[in-house]
Amino acid sequence: MKSRIHAYVSGRVQGVFFRYNTRKLAKKLGLTGWVRNLPDGRVEVVAEGDDEKLQLLIKFLHKGPSMARVEKVEVKKEEYTGEFDDFIILY
C-alpha cells in the first residue's frame with residue numbers, strides 16, 4: 001500500500017549531509033518527494049511510496065548520517081497523492 005509522510009527532524013541536522021543522505025536513501029528505496037533545510041535549523045521531509053519503504057526512511061531519519069545528532073523526529077502520515085516523479089533536495 002502506498003502512503004505519504006511529512007516529517008520534521010530536529011537536532012544537529014544541517015551541515016552534516018542530512019539532505020544528501022536522505023535523498024540518496026529515498027531514491028534507492030524508490031520513494032518520491034523532497035527534503036529541505038528550514039530556517040529554524042530543522043530538516044523537513046515529504047516522501048511518498050510503499051509503506052514498508054517509508055518505514056525504512058523513517059528509521060534513517062531517527063539516526064541520520066554519522067555526523068548528525070538527531071534529537072527529535074515528528075512524523076505525520078498523510079494521504080498518498082502521487083504528485084512527485086523523483087526525490088529532490090529543495091533549496
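**Exercise 1. In this predicted model, find which side chains make polar contacts with the side chain of E44.**

Solution. 
- Start with H6: its side chain and that of E44 are joined by a polar contact of 2.6 Å.
- Move on to Y8, whose side chain makes a polar contact of 3.2 Å with the side chain of E44.
- Now place E44 in the fold: this residue is part of strand β3.

**Exercise 2. Describe the surroundings of E48.**

Solution. 
- Next, follow the side chain of E48 to the side chain of R4, with which it makes a polar contact of 2.9 Å.
- Finally, list the contacts beyond four places in sequence: S3, R4, L31, T32, L54, E79, Y80, T81, G82, E83 and F84.

**Exercise 3. Search the whole structure for aromatic pairs and say how many there are.**

Solution. 
- The search gives one aromatic pair.
- Its members are F18 and F60, with 5.8 Å from centre to centre and 45 degrees between the planes.
- Planes under 30 degrees apart count as stacked and over 60 as edge-to-face; this pair is tilted.
- F18 belongs to helix α1 (residues 18-29) and F60 to helix α2 (residues 51-63), so the pair ties together parts that are 42 residues apart in sequence.
- Check the accessibility too: both F18 and F60 are buried.

**Exercise 4. Work out which elements build the largest nonpolar core.**

Solution. 
- Begin with the core itself, which has 22 residues.
- Those with the most contacts inside this core are V9, F18, V43, V45, A47, L57 and L61.
- Two or more residues come from each of β1 (2-12), α1, β3, α2 and β5 (87-89).
- The most is given by α2, with five residues.
- Zoom in on V9: leaving aside neighbours within four places in sequence, V9 is in contact with F18, R42, V43, L61, V70, K72 and V73.
- As general background, nonpolar side chains tend to be buried together in soluble globular proteins.

How values were computed
Residues are numbered from 1 along each chain as its sequence is written. This is a predicted model: local features need pLDDT of at least 70, side-chain atom pairs count only at pLDDT 80 or more; totals for chains, interfaces and linings use all residues. Side-chain values use heavy atoms; hydrogens and water are left out. A polar contact is a pair of N or O atoms within 3.5 Å; within protein, one must be able to donate a hydrogen and the other to accept it, and residues adjacent in sequence count only if both atoms are side-chain atoms. Contact means heavy atoms within 4.5 Å. Helices (H or I, at least four residues) and strands (E, at least two) are DSSP runs, numbered from the N terminus. Rings of Phe, Tyr and Trp (its six-membered ring) pair if their centres lie within 6.5 Å; planes under 30 degrees apart count as stacked, over 60 as edge-to-face and the rest as tilted. Buried means under 20% relative accessible area, exposed over 50%, partly exposed in between (1.4 Å probe, protein chains only). A nonpolar core is a set of buried Ala, Val, Leu, Ile, Met, Phe, Trp, Tyr and Cys residues joined through side-chain atoms within 4.5 Å.
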